[in-house]
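Trainee: Could you walk me through how a sheet and a pocket are read from a model?

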Amino acid sequence: ALLLVRIPLLVRWFPPKNGVLKLNTDGSSLDNLGKGGCGGVLRDWLGKLIFGFSHYIGVATNSIVEAFALKFGLYYCYLSWVLIELGWKLTLS
């Protein structure tokens with residue numbers, strides 16, 4: 001019998017330098033060409049939430065949905081000195 005064991009992945013948020021805000025975004029679509037959505041949060045150097053957002057994008061690829069996440073995040077970030085951290089890994093061949 002095959003025994004499957006799930007190992008938890010620990011994820012930690014690292015704050016930016018004093019006086020800097022940090023924008024974290026992510027997006028995903030089903031089957032890499034399916035219904036997709038994105039979201040993000042903007043926090044200060046103490047971890048205080050400034051704002052959060054989420055959007056349904058429609059049918060798109062993962063790369064398009066991730067790009068929309070960044071677009072929406074930057075649109076809502078009318079503030080300067082924002083550190084951007086994406087959940088986007090694009091592989092080029």
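Mentor: We take the sheet, then the helix, then the pocket. This is a predicted model, in which local features need pLDDT of at least 70 and side-chain atom pairs count only at pLDDT 80 or more, while totals for chains, interfaces and linings use all residues. Residues are numbered from 1 along each chain as its sequence is written, and side-chain values use heavy atoms, with hydrogens and water left out.

Trainee: In what order do the four strands form the sheet?

Mentor: Strands of a sheet pair through backbone hydrogen bonds, either parallel or antiparallel. Here the open sheet has the order S3-S2-S1-S4 with mixed pairing, where strands are DSSP runs (E, at least two residues; helices H or I, at least four), numbered from the N terminus, and two strands pair if DSSP finds at least two bridges between them. Because S3 (49–60) and S4 (82–86) are at the edges with a single partner strand each, one side of each has no neighbour in the sheet.

Trainee: How many bridges join S1 to S4?

Mentor: Five bridges join S1 (residues 21–29) to S4, and the two run parallel; Asn-24 has Glu-85 as its bridge partner in S4. Helix H1 (residues 62–76) packs on the sheet, touching S1, S2 (34–43), S3 and S4, with contact meaning heavy atoms within 4.5 Å.

Trainee: Which residues line the largest pocket?

Mentor: Rolling a probe the size of a water molecule over the atoms shows where empty space is left. A pocket is an open set of points on a 1 Å grid over the protein atoms alone where a 1.4 Å probe fits, with protein on both sides within 12 Å along at least five of seven lines, and lining residues have an atom within 4 Å of a point. The lining of the largest pocket is made of Val-11, Arg-12, Trp-13, Asn-24, Thr-25, Asp-26, Gly-39, Gly-40, Arg-43 and Glu-85, with S1 and S2 each supplying at least two residues.

How values were computed:
Axes are lines fitted to C-alpha atoms, for helices over the stretch in contact, and angles run from 0 to 180 degrees between N-to-C directions.
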